[in-house]
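Dear colleague,

Please find below the structure that I am handing over to you. My notes on it follow directly after.

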Amino acid sequence: MYMAMRTFSTMLILLAMSEAATVYQTLYIDKIYPYRISGKPVMAANYSSPGPLIEAYEGDILIIRVINRLNVSTTLHWHGMYQIGTPDMDGAVGATQCPIPAGREFTYTFKAEPAGTAWYHGHWLEQYTDGLYGPIIIRRQVEPNWEFYDKEELLMVTDWYNEPAHSKLSSWYLSTANPDGIEPLPNAIVVNGKFTQSLFIPVSGASRIRFRVINGASLSMYTFSIDGLPLHIIELDQTATVPYSVSSFVINVAQRVSFYIDLSELNPIYSQSGSSPTNSIFIRFQAMTEMYPVDILNYNLPYYTQRYAYPTFFNSLYLAILSLDSNNSTPKYQPRDVNSMSQMASLPSDNNMLAARPFNLTNYIVPNPTHYLNLVVKFAVDSTGINRGYMNDVTYTFTGNYTKVRPNVFQGIKPETKEPLLQQMVNRPKTLGLPSPRVQAGSSLPTIQSDGYGHYLVPYQAVVDIFLNNTDNGEHPFHLHGADFWIIATSNYPQAENLYQQAYLKRDVVSVAANGWAKIRFIADNPGAWMFHCHIEWHMAAGLILTFVIAPNQLLAQGYTIFNTQYDLCRGV
Ligand SMILES: [Cu+2]
């Protein structure tokens with residue numbers, strides 16, 4: 001009853017905003033065992049990992065019923081969706097909701113915006129590491145660059161782990177046995193649910209193909225390329241770009257890259273009259289092994305039990321096969337015999353590809369900042385001997401931090417049913433106790449303040465510049481919920497700030513270089529509790545998270561109410 005009311009009333013509100021279609025999807029969350037030799041349970045949506053493609057047009061209303069058939073609680077986050085006006089539909093445990101208890105269900109209702117390639121994934125107990133993720137495509141009525149391709153393909157890459165993420169890997173990672181904070185290392189790379197050299201993409205007669213690449217990994221970033229072909233990038237995260245041609249690109253965790261290929265541009269050595277004739281070519285995901293904290297091929301995983309003995313070794317190079325004659329034969333050349341493509345553009349020097357230009361610059365206004373926030377990222381061993389991640393010396397735990405905002409609210413109740421920040425904003429705004437921005441040394445703009453527990457109050461319509469200062473020797477992909485942001489510049493490309501004024505590239509994940517920095521800007525026009533975190537799943541577990549409490553007064557002024565289905569989740573019923 002409550003669910004029906006909630007869905008119906010949200011739908012009315014959203015439908016009033018546009019002449020939208022409604023797209024229904026039911027997702028059963030359950031364990032599967034997709035690999036014959038591996039006994040590892042994989043968490044799946046509709047008995048598939050990746051889960052089913054969710055597809056809609058921009059402005060449509062998505063109504064997604066999530067039925068939890070696991071024996072643990074779960075939640076889904078709709079990565080890249082703005083959730084304007086639906087802040088309780090974001091799926092982020094602690095910030096916007098309590099998780100869906102085992103055996104229960106919850107219906108997410110939200111508007112399909114912005115357009116572009118997005119994805120969904122578990123946002124609780126490292127469940128997406130174990131397979132709980134899938135693609136989302138939000139189409140535009142007139143797709144930018146549509147004239148350059150005749151066919152679409154989707155490649156969703158992820159790390160495969162032989163061991164269950166939460167019970168085995170995370171518990172080792174965040175233990176005194178691992179004071180150096182060595183991340184659990186993947187045992188393989190998987191694309192579209194398939195291991196290396198087993199994924200074939202037939203061209204099926206098309207010569208111009210658009211690929212959407214989604215990095216759904218928990219740790220790894222990849223260099224992507226296709227042998228003998230230039231890649232013409234047309235979308236980064238959910239920003240359509242003017243075609244930007246490269247020979248390869250880097251994609252960090254949670255980022256999305258769309259490009260098209262044109263087979264008429266294939267290096268002639270691969271043609272039947274060329275020096276290396278072949279009916280198929282390799283698509284390459286090269287894991288950037290320098291990001292692993294140890295020599296991954298020669299490192300003995302201390303937690304490894306070989307309980308789930310498949311696969312047995314890690315190969316940093318994943319090969320899929322683009323079948324030119326659609327007969328799914330393997331290439332006639334060896335993977336190591338890549339021919340140099342001197343005529344092609346080289347690898348962009350900055351991993352975020354800031355030189356790619358937004359497709360539509362009409363009404364593309366980048367406002368000047370009104371507020372500032374400096375965030376120092378570091379890892380350090382805490383007083384209990386565990387290596388944790390810190391932003392401005394605060395590490396975020398799912399048991400500790402929200403109770404600090406509202407002490408003793410639900411004392412004695414399981415950590416996961418502690419009152420989400422969004423509910424506190426609505427029901428107990430006066431007790432949030434978050435300090436307002438103030439001018440302090442280091443910036444002429446007012447600086448966003450925190451309560452000392454990772455909660456930052458941001459006024460309505462503030463334009464916030466965040467300076468992410470990464471003191472760690474690893475590269476980190478930072479993601480903002482509830483909005484995307486302009487990337488002003490990075491330590492790899494400081495010139496971008498002056499080169500692209502008024503036209504900075506918008507993304508929702510910024511890759512921050514090891515011992516480097518990134519400067520990003522977002523507008524706080526979507527009241528709610530929005531997480532900002534490193535998207536490496538292990539680093540989230542290690543506490544590299546904060547939450548922006550955006551415009552609580554505006555949320556109340558809008559008369560925002562939270563429906564009973566949300567409170568039911570927190571009561572665990
Ligand atoms: Cu990280």
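Cys98 and Cys570 are both buried, where buried means under 20% relative accessible area, exposed over 50%, and partly exposed in between (1.4 Å probe, protein chains only). A disulfide joins these residues, with an S to S distance of 2.1 Å; the term denotes a pair of cysteine sulfur atoms within 2.5 Å. The pair links distant parts of the chain, 472 residues apart: Cys98 is in the loop between strand 5 (76–79) and strand 6 (105–111), and Cys570 is in helix 8 (residues 564–570). Helices (H or I, at least four residues) and strands (E, at least two) are DSSP runs, numbered from the N terminus. The torsion about the S-S bond of Cys98 and Cys570 is about 100°, so the disulfide is right-handed. A search of the whole structure finds one disulfide.

The model is predicted: local features need pLDDT of at least 70, side-chain atom pairs count only at pLDDT 80 or more, and totals for chains, interfaces and linings use all residues. Residues are numbered from 1 along each chain as its sequence is written, and side-chain values use heavy atoms, with hydrogens and water left out.

The copper ion has the protein donors His476 (ND1), Cys534 (SG) and His539 (ND1), which lie 2.0 to 2.1 Å from it. Donors are N, O and S atoms within 2.8 Å of the metal (3.2 Å for Na, K and Ca); water is not among the atoms, so sites may look incomplete. The spacing of the donor residues in sequence is H-x57-C-x4-H. Cys534 is buried, at a relative accessible area of 0%, and His539 is buried at 2%.
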